[in-house]
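Student: I have this one open on the screen. Can we go through it piece by piece?

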Amino acid sequence: MILRNLDEGIGIALDSLRTNKLRSALTILGVVIGVATVMAMASIVEGVRTQIFNAMNTASPNTFYVVRFFSQTPLNPQHLPYEVRIRPPVNDRDAEAIRRMPEVEHAALWVQVFYRLEYQGVQTQTVLIYGADQRYMDVLGGTLLRGRFFAPGELDGEPVAVLEVESADRLFGRIDPIGKRIRIGGVAMTVIGLYQRPENMFEPPGQQIGAIIPFETARRNYPYDETNGLFISIKPHEGIPVTRAKDLSIAALRRARSLRPGMPNTFDIITQDQILDTISSLTSAFFGVMVALSSVALLVGGIGVMAIMMVSVTDRTREIGLRKAMGATRQEILWQFLVEAATLTLLGGLIGIVVGLLVGVVLKQLMDMQSGVPLWSALMATVVSILIGLVFGLYPANRAARMDPVEALRHE
Amino acid sequence: MSDRVIHVEELVREYPMGGEKVLALRGLTLSIRRNEYVAIMGPSGSGKSTLMNLLGCLDTPSGGDYWLNGQEVSRLTDDALARVRNKEIGFVFQTFNLLPRASALHNVELPLVYAGVGSRERRERAVRALTRVGLQNRMHHRPNELSGGQRQRVAIARALVNEPSLLLADEPTGNLDSTTSEEIMRVFSELHAQGQTIVVVTHEPSIAAHAERVVVLRDGKLDSDTRNRAAA
């Protein structure tokens, strides 16, 4: 019976929409805003995720890292918790112990610091500077566009730098940077090469790679953070599963650090999967917060729908009386108004989906990100907007359903 | 017995009013046979509106019994009453009560929607009902595009479309001029001639004159019950 009268319900809903265009538009505005927010967020989050997954797949899927302590947020070096302080920082001997294993292609101690690059008064923003060894690109990928990478002889502290191409463009424009002297965080370095990072490589905002310099050069010239900045990067041989390489590395490190069985590790290992999980949980958290915020808009929208449905029910008291006289049961009247409310919110939801996707596209253009097609969130938004109509329409619809036909017909 | 469309016995309806109870009907007994054409009259406050609501199954009595077409309906639930109204009763109101944004055809289809009739059959039956009241050329007009008389005929078509056992009209000419009123009363007479049972509630003797039987209420009781020899 309910399905049979759906066409009547929707017809009535569209009718009342047509007669009260402005009122209906204002009513569904809250739902439009709420759904649009969720959709925009969903499409951005989806885009970021796609980007991360692509990056992990193309850049360096097998590379993993040893750090002093793994935490999802950077630790304050001035106030390290006890469980971090008792651990020694990762060092050259650790890297050497892992490098000696036959399963490992390369392992080296690297450091990351953040500085501006400067050339003749032109500055970049703060960028990520890697202090690494000559095999950086074997481990993290990328291509050398011009010039050369470090020679082994330069590893003991020569002031040379391989510039990332975007930073180079910013500093030099059309001038050839090779051989020029730039300043990195105030320290003079000679540019010996131009490097392009792998396509789709994921870089968190504010962590764009700007330059790669020899590890020793970085160690001597810059203060660095032993917990957040210092790490060993490890690339296993082709065909060695990451989990196996990870287990072997743990064993090698425990031997190097003379840890007896039963003693806990004094280091942490981070694999790409963990990074992925971390980023994924961060984006989920971000998305969750956005959903929570936009659900406030949805709530307001729902209350608006409820208010307008109350008005609609009062306005149409006589019509309700007539329909009851014609034989409509309570359930049928209830259903009629629920369908009307749900039609309103569904319409708001559909508009919200379109608006949200447009906002998402614009934001993605502005932020130079990839696009994701969040089909699941469009479906969710549709379902949610119908639900809002049903939930917030229930009270007014129930009021209509319980009207006394005699009273309703007498209503002026 | 089965010939009686309506049989009420000792019907009582009281309304609470400011802590006291007001008796609108004080024990009314009345029978109406199939194909009778009855006018219910009475001054305001006589209880005729209350009776009309009870006969139309829009309301339930405080006491007494009501058999509609042999079924005891005085103690049914709201939804059961809705079903009875849908099946047994066709209403014609003083103010027409048409849906303003729906075509004549859709207005007439309304009771069939609640009867669960499929859309094709709905359309066919609505067209037939509108043809019966002479509006086959106005089916797609909206109420505001129709004259008062035409609107009331749409309402009559709507009342007939479910083939009810009782056509119940409440001051059907109250909003119409005298020429149009005559026209509407002629429609009622034709329907009566075709076998329809009709009850008209009115306070106008000229309207009541069209009925074959006039029931007059006073103070919630039967005052008189007479046959009009003039009407056939």
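Student: Which helix does A:S167 lie in?

Tutor: A:S167 sits in helix 6 of chain A, residues 165-172. Bear in mind that this is a predicted model.

Student: Is A:S167 buried or exposed?

Tutor: A:S167 is buried, at a relative accessible area of 7%.

Student: What does A:S167 touch, not counting residues up to four places away in sequence?

Tutor: Leaving out residues up to four places away in sequence, A:S167 touches A:L117, A:T124, A:V127, A:I209 and A:G210.

Student: Switching to helix 10 of chain A. How many of its residues are buried?

Tutor: Eight of the nine residues in helix 10 of chain A (317-325) are buried, so the helix is mostly covered. Among the buried ones are charged residues: A:E319, A:R323 and A:K324.

Student: And what comes just after helix 10 of chain A?

Tutor: A:G327, which takes a positive phi of about 110°.

Student: Now strand 2 of chain A. Which strands does it pair with?

Tutor: Strand 2 of chain A runs antiparallel to strand 11 (230-236) of chain A, with seven bridges between them. Strand 2 is also antiparallel to strand 5 (127-132) of chain A, over five bridges. As examples of bridge partners, A:L109 has A:I232 in strand 11, and A:F114 has A:L128 in strand 5.

Student: How many of the residues of strand 2 of chain A are buried?

Tutor: Nine of the 12 residues in strand 2 (104-115) of chain A are buried.

Student: What about strand 1 and strand 4 of chain B, how many bridges?

Tutor: Five bridges, in the antiparallel sense, between strand 1 (4-17) and strand 4 (63-68) of chain B. B:H7 is opposite B:W67, and B:I6 is opposite B:L68.

Student: And strand 4 to strand 5 of chain B, how many bridges there?

Tutor: Two, again with the strands antiparallel. B:L68 has B:Q71 as its bridge partner in strand 5. The hairpin of these strands has two residues between them, and B:N69 takes a positive phi near 55° there.

Student: On to charges. How many salt bridges over all chains?

Tutor: The structure holds 33 salt bridges over all chains. Among them is a network that links A:D92, A:E216, A:R219 and A:R220.

Student: What are the distances from A:E216 to A:R219 and A:R220?

Tutor: A:R219 and A:E216 form a salt bridge at 3.4 Å, N to O. For A:R220 and A:E216 the closest N and O atoms are 3.4 Å apart.

Student: How are those residues placed in helix 7 of chain A?

Tutor: A:R219 and A:E216 are three residues apart in helix 7 (215-221), about one turn of the helix. A:R220 and A:E216 are four residues apart, also about one helical turn. A:R220 is exposed at 55% relative accessible area, A:R219 is partly exposed at 30%, and A:E216 is partly exposed at 21%.

Student: Last topic, the interface. How many residues of chain B and chain A are in contact?

Tutor: 23 residues of chain B contact 26 residues of chain A. B:L58, B:R101 and B:Y114 lose the most area on the chain B side, together 29% of what that side buries.

Student: What area do chain B and chain A bury between them?

Tutor: About 2300 Å², with 53% of it on carbon and sulfur atoms.

Student: How many salt bridges across the interface of chain B and chain A?

Tutor: Two. B:D78 and A:R330 form a salt bridge at 2.7 Å, N to O.

Note on methods:
Residues are numbered from 1 along each chain as its sequence is written. Chains are lettered from A and ligands numbered from 1 in the order in which they are written. This is a predicted model: local features need pLDDT of at least 70, side-chain atom pairs count only at pLDDT 80 or more; totals for chains, interfaces and linings use all residues. Side-chain values use heavy atoms; hydrogens and water are left out. Contact means heavy atoms within 4.5 Å. Buried area is the accessible area (1.4 Å probe) that two parts lose on being put together, summed over both. A salt bridge is a side-chain nitrogen of Lys or Arg within 4 Å of a carboxyl oxygen of Asp or Glu. Buried means under 20% relative accessible area, exposed over 50%, partly exposed in between (1.4 Å probe, protein chains only). Two strands pair if DSSP finds at least two bridges between them.
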